[in-house]
Amino acid sequence: MAVTGDDTETGSAGELTGTSSILTLAVAQTSTHSSQKPSEDVSQKREQRLMKNREAARQCRRKKKEYVKCLEDRVAVLENQNKTLIEELRAMKDIYRHKME
């Protein structure tokens, strides 16, 4: 077994033994386990974000429908008003023509 500067020994099968290799192994195992939890957190956050986005899109579509409905109602009112004004103008023109004759 050869001793290196970091208190690590190499065995016959190339295995690391010693205090720093145990710490390295513990850190590797911890990071493996902790990497699973953040991936669950990431996927959970993604699901929450997608759900919020769906709800926001639903609200946006609802508001857009209300807005379009309001515009359609306004168009109908303005068309009726325009029709009334055109008829009134026509009637005034007829009155003016009759006075000129």
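A: A residue counts as buried under 20% relative accessible area, as exposed over 50%, and as partly exposed in between (1.4 Å probe, protein chains only). The model shown here is predicted; local features need pLDDT of at least 70, side-chain atom pairs count only at pLDDT 80 or more, and totals for chains, interfaces and linings use all residues. Residues are numbered from 1 along each chain as its sequence is written, and side-chain values use heavy atoms, with hydrogens and water left out.

Q: What percentage of the residues in the protein chain is buried?

A: Of the 101 residues in the protein chain, 2% are buried. The protein chain exposes about 9500 Å², and 58% of that comes from carbon and sulfur atoms. Such areas come from the Shrake-Rupley method with a 1.4 Å probe; for residues, only the protein chains shown count as cover.

Q: Which of the elements has the lowest mean pLDDT, and which the highest?

A: pLDDT is the predictor's confidence in each residue, from 0 to 100. The lowest mean among the elements, 48, belongs to strand β2 (residues 9–10), and the highest, 86, belongs to α1. Residues 12–16 have a pLDDT below 50, and in the model this stretch makes six contacts (heavy atoms within 4.5 Å) beyond near neighbours in sequence. For the protein chain the average pLDDT is 79, with 64% of the residues scoring at least 70.

Q: How many salt bridges does the count come to?

A: Side chains of opposite charge can pair when their charged atoms come close. A salt bridge is a side-chain nitrogen of Lys or Arg within 4 Å of a carboxyl oxygen of Asp or Glu. By this rule there are four salt bridges.

Q: Where do Glu66 and Arg62 lie?

A: Both are in helix α1, four residues apart, which is about one turn of the helix. Glu66 and Arg62 form a salt bridge, with their closest N and O atoms 2.7 Å apart. Glu66 is partly exposed at 46% relative accessible area, and Arg62 is partly exposed at 40%.

Q: How many residues apart are Arg58 and Glu55 in helix α1?

A: They are three residues apart, so about one helical turn separates Arg58 from Glu55. In their salt bridge the closest N and O atoms are 2.5 Å apart. Arg58 has a relative accessible area of 45% and is therefore partly exposed; Glu55, at 36%, is partly exposed.

Q: What separates Asp73 and Lys69 in helix α1?

A: About one helical turn separates Asp73 and Lys69, because they are four residues apart in helix α1. They form a salt bridge whose closest N and O atoms are 3.1 Å apart. Asp73 is partly exposed, at 38% relative accessible area, and Lys69 is partly exposed, at 47%.

Q: Which residues make a nonpolar surface patch?

A: Patches are made of residues with over 30% relative accessible area and no salt bridge; like charges are joined within 9 Å, nonpolar side chains (Val, Leu, Ile, Met, Phe, Trp, Tyr) within 5 Å. Here Tyr67, Val68 and Leu71 make a nonpolar patch of about 270 Å². Val68 lies in helix α1 and counts as partly exposed because its relative accessibility is 34%.

Note on methods. Helices (H or I, at least four residues) and strands (E, at least two) are DSSP runs, numbered from the N terminus.
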